[in-house]
Amino acid sequence: MVSEESPLLVTTAHELIYDRFAPDQKRWIVFLVSFAGFLPTFVSSTFVPSIPQIAKDLDSTHGVVSLTVSLSILASAIGALVWAAYSSFYGRRSIYLWGMPFLCIGSCGVALSTSLQSLLFWRFVQTFGCAGGMSLGAGAIGDIYILEERGTAIGVFFGATLLGYATAPFLGGAATQYWSWRNLHFAIGAWGLLEMLLLYLSFPETSHPGTLGIDKLKRRRCIHITWVNPLSSLWLLRSPNLFAVMLASSLVLISDFVLLIPLAYTIGVRYGITNEAIIGACFLPNGLGNLIGAPVAGRLSDIVVRRWREKRKGVWCPEDRLRATWIGGLFMVPLSIGASGLITTYAGGPIGLALNLLCLFTNGVGVDFVMNPIGSYNVDIVHSRSTEITAAYMASRSLIISAATTLVIPSIERMGVAWTDIIAAVLAVIGQGIIFLTIRYGDRMRASVDVGFSTMENN
């Protein structure tokens with residue numbers, strides 16, 4: 001069992017594991033996993049602006065086609081758990097290469113869909129295939145970077161992957177307006193094929209030697225297939241610490257979806273925007289905020305960890321990293337979404353639109369200031385199962401958000417944009433309160449349920 005304070009060691013045999021890869025090779029690995037992590041965000045975000053056109057082509061309604069958004073979130077949750085569980089047995093490289101064919105085939109299936117049923121099925125396959133990008137990437141970075149550098153590296157990774165949120169809605173809207181949503185998904189399939197080739201040729205196995213399940217087998221076949229329970233990762237969330245930060249991050253991230261999911265029906269209708277490409281461009285400020293906020297938040301969390309260790313004369317407390325969330329969770333996120341609701345309701349014209357875009361940017365930065373330290377914290381405290389906890393964290397968060405997003409448009413229709421956004425702001429503040437309690441009582445929470453927490457000696 002780990003206590004609140006673990007002593008700092010100058011050099012250990014465990015730390016030498018992180019020297020297996022040269023700095024240039026580490027940067028290349030971060031690039032590859034970022035490229036792979038970009039796919040899930042891109043695949044999910046390109047779809048929303050094309051919903052009206054897909055509904056028209058398939059002779060359906062916007063609301064029914066919007067079900068694919070919730071289905072995609074469910075597929076992401078299931079896929080993240082499956083790929084993470086098997087990566088602990090077979091390794092990161094193998095699972096990356098197994099997932100990409102699902103993406104390629106699913107993308108072609110979406111492009112060829114002629115009914116809502118086939119669209120839902122192939123959309124599930126497509127999203128399932130790329131769902132491991134975030135958890136596998138976070139795990140690979142945890143494999144190659146030491147504690148004090150990990151937050152910065154994960155920040156760069158999240159910043160690059162979240163570029164999907166910045167560019168995908170615009171590209172999805174432009175493709176729908178001027179090209180074809182079907183051709184867009186054929187292009188995503190080709191992109192997945194290129195990514196698979198890059199990973200096959202230049203991505204090494206990053207897992208620490210001797211830690212994989214397949215390495216521990218005394219006898220194994222040339223092609224060894226085994227059953228790994230994908231739900232086992234969720235059992236990590238019995239830890240009060242891990243469950244608390246998962247819940248807190250979900251409450252904060254809901255604000256993103258409350259702003260973005262109904263964008264065409266809030267900002268689009270309020271300011272008379274009907275062109276899908278222009279509606280897609282309205283997503284750019286939020287994505288740009290994600291892109292800028294993630295690496296800054298990662299660097300800040302590393303600085304916070306180092307400074308608090310210095311204050312304790314070299315002693316490490318895992319919850320120190322969460323102190324970097326304050327500015328985002330307490331100020332930027334709730335103020336930006338609350339202000340957006342009021343501006344949309346009461347401020348018209350170009351000034352109202354400009355202020356809304358500023359709120360979208362601020363929200364993107366603020367969400368990263370919460371999500372990034374939490375993501376690094378998860379890797380820090382269960383380092384040996386970093387991919388699994390990231391997947392469990394993301395899957396559980398996705399299920400919460402999937403349920404919440406179904407209430408967004410009905411809430412706007414019933415209560416209006418302002419009150420819906422204010423409720424989201426209150427939820428974000430509650431989330432930050434949960435983080436405060438985790439910082440304050442983290443040692444007791446970890447002591448109550450031990451799920452194999454890391455110490456400084458094996459981190």
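Here are a few notes on this structure for someone meeting it for the first time.

1. Ground rules. This is a predicted model, where local features need pLDDT of at least 70, side-chain atom pairs count only at pLDDT 80 or more, and totals for chains, interfaces and linings use all residues. Residues are numbered from 1 along each chain as its sequence is written, and side-chain values use heavy atoms, with hydrogens and water left out.

2. Patch members have over 30% relative accessible area and no salt bridge, with like charges joined within 9 Å and nonpolar side chains (Val, Leu, Ile, Met, Phe, Trp, Tyr) within 5 Å. A salt bridge here is a side-chain nitrogen of Lys or Arg within 4 Å of a carboxyl oxygen of Asp or Glu. Arg 307 belongs to helix α15, residues 284-311; helices are DSSP runs (H or I) of at least four residues, numbered from the N terminus. At a relative accessible area of 56%, Arg 307 is exposed (buried is under 20%, exposed over 50%, partly exposed in between, using a 1.4 Å probe and protein chains only).

3. Most residues other than glycine have a negative phi. Lys 313 isn't a glycine, yet its phi is positive, about 60°. You'll find Lys 313 in the loop between α15 and α16 (326-346), and it is exposed, with 78% relative accessible area.

4. A nonpolar patch. Ile 327, Leu 330, Phe 331, Leu 335 and Val 429 make up a nonpolar surface patch with about 440 Å² of accessible area together (Shrake-Rupley method, 1.4 Å probe, only the protein chains shown counting as cover for residues). Helix α16 gives the largest share, four residues. Leu 330 sits in that helix and is partly exposed at 34% relative accessible area.

5. Cysteines. How many disulfides does the structure hold? Zero, taking a disulfide as a pair of cysteine sulfur atoms within 2.5 Å. Cys 104 is in no disulfide, and the nearest cysteine sulfur, in Cys 108, is 7.2 Å away. Cys 282 can't pair up because its sulfur is 13 Å from the closest cysteine sulfur, that of Cys 359, too far for a bond. Cys 104 is buried, with a relative accessible area of 12%, and Cys 282 is buried too, at 8%.

6. Pro 101. This proline lies in helix α6, residues 92-111, and counts as partly exposed at 30% relative accessibility. Pro 101 and Ile 430 are 329 residues apart along the chain, with 41 Å between their C-alpha atoms.

Note on methods:
Helix = DSSP H or I, 4+ residues; strand = E, 2+ residues; numbered from the N terminus.
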